[in-house]
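Biologist: I'd like to learn how to read this model. Can we go feature by feature?

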Amino acid sequence: MIAETVCSAVSAAGLGIAVVTAYRKRFLAATRIAAYALVPVGLVMTGVVGWLADTAFSPTAWAGFGVLGAAWLLFASTRAVERRRGGTRAERRAAAGDRTEAVAPGTPAPSLGAGTRPATGSGKASRATGSGDDFSDIEAILKKHGI
């Protein structure tokens with residue numbers, strides 16, 4: 001009974017504030033305040049406040065909220081670990097399969113960035129392929145742009 005009285009008082013105060021706001025010609029804000037003010041009375045009339053009052057003093061209900069919180073924490077932690085690892089196991093396997101197919105034949109591994117050299121192979125093998133071929137693409141691009 002106390003909860004219903006408090007909710008009614010809060011709603012009355014909110015409606016009073018809405019009237020003052022409307023008097024100041026701020027009708028949109030007054031309407032919004034009136035909507036918020038009517039929520040506590042609506043909760044009392046539907047019985048939600050009574051249910052909450054009964055739940056607040058029930059140890060079984062609090063244990064249920066604890067179990068729900070533990071389930072939420074477990075779910076959130078597994079999602080965080082999954083994001084850190086990069087997806088599910090099936091997704092990681094599919095991505096690993098895609099990476100091996102993306103490597104050109106004859107190359108040991110994909111390039112990891114600018115300026116890296118393959119770890120295998122000797123200097124003589126790279127000279128035998130001709131280092132002039134590497135710069136022919138660059139020269140073509142520079143000529144195309146008139147440089």
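This is a predicted model: local features need pLDDT of at least 70, side-chain atom pairs count only at pLDDT 80 or more; totals for chains, interfaces and linings use all residues.

Biologist: Where does tryptophan 62 fall, buried or exposed?

Modeller: Tryptophan 62 counts as exposed, because its relative accessibility is 52%.

Biologist: How many aromatic pairs does a search of the whole structure find?

Modeller: The search finds one aromatic pair. Tryptophan 62 and phenylalanine 65 form that pair. Their centres are 6.0 Å apart, with 65 degrees between the planes. Planes over 60 degrees apart count as edge-to-face, and this pair is edge-to-face.

Biologist: What separates tryptophan 62 and phenylalanine 65 along helix α4?

Modeller: About one helical turn, because they are three residues apart in helix α4, residues 59-85.

Biologist: What span does α4 reach from its first C-alpha to its last?

Modeller: Compare the span with the one expected at 1.5 Å a residue. α4 has 27 residues and reaches 39 Å, close to the expected 39 Å. Just after α4 comes glycine 86, with a positive phi of about 100 degrees.

Biologist: Next, helix packing. At what angle do the axes of helices α1 and α2 cross?

Modeller: Crossing angles over 145 degrees count as roughly antiparallel. The axes of α1 (residues 2-23) and α2 (residues 27-46) cross at roughly 170 degrees and come within 8 Å. Therefore α1 is roughly antiparallel to α2.

Biologist: Which residues make the contact?

Modeller: From α1, they include Cys7, Val10, Gly14, Leu15 and Ile17. From α2, they include Phe27, Ile33, Leu38, Pro40 and Val44. The residues of this contact divide into 16 nonpolar, four polar and one charged.

Biologist: Where is glycine 16 placed?

Modeller: Glycine 16 is in helix α1. Its relative accessible area is 33%, so glycine 16 is partly exposed. Glycine 16 and isoleucine 33 are 17 residues apart in sequence and 9.5 Å apart in space, C-alpha to C-alpha.

Biologist: Now the whole chain. How many helices and strands are there?

Modeller: The chain has seven helices and zero strands. From the N terminus on, the elements run α-α-α-α-α-α-α.

Biologist: What share of the chain is buried?

Modeller: Buried residues make up 9% of the 147 residues. For contacts, look at sequence separation too. Among contacts between residues at least 6 apart in sequence, 31% join residues at least 24 apart.

Note on methods:
Residues are numbered from 1 along each chain as its sequence is written. Side-chain values use heavy atoms; hydrogens and water are left out. Axes are lines fitted to C-alpha atoms, for helices over the stretch in contact, and angles run from 0 to 180 degrees between N-to-C directions. Helices (H or I, at least four residues) and strands (E, at least two) are DSSP runs, numbered from the N terminus. Angles under 35 degrees count as roughly parallel, over 145 as roughly antiparallel, 65 to 115 as roughly perpendicular and the rest as oblique. Contact means heavy atoms within 4.5 Å. Ala, Val, Leu, Ile, Met, Phe, Trp, Tyr, Cys and Pro count as nonpolar, Asp, Glu, Lys and Arg as charged, and the others, Gly among them, as polar. Rings of Phe, Tyr and Trp (its six-membered ring) pair if their centres lie within 6.5 Å; planes under 30 degrees apart count as stacked, over 60 as edge-to-face and the rest as tilted. Buried means under 20% relative accessible area, exposed over 50%, partly exposed in between (1.4 Å probe, protein chains only). The expected span of a helix is 1.5 Å times one less than its number of residues.
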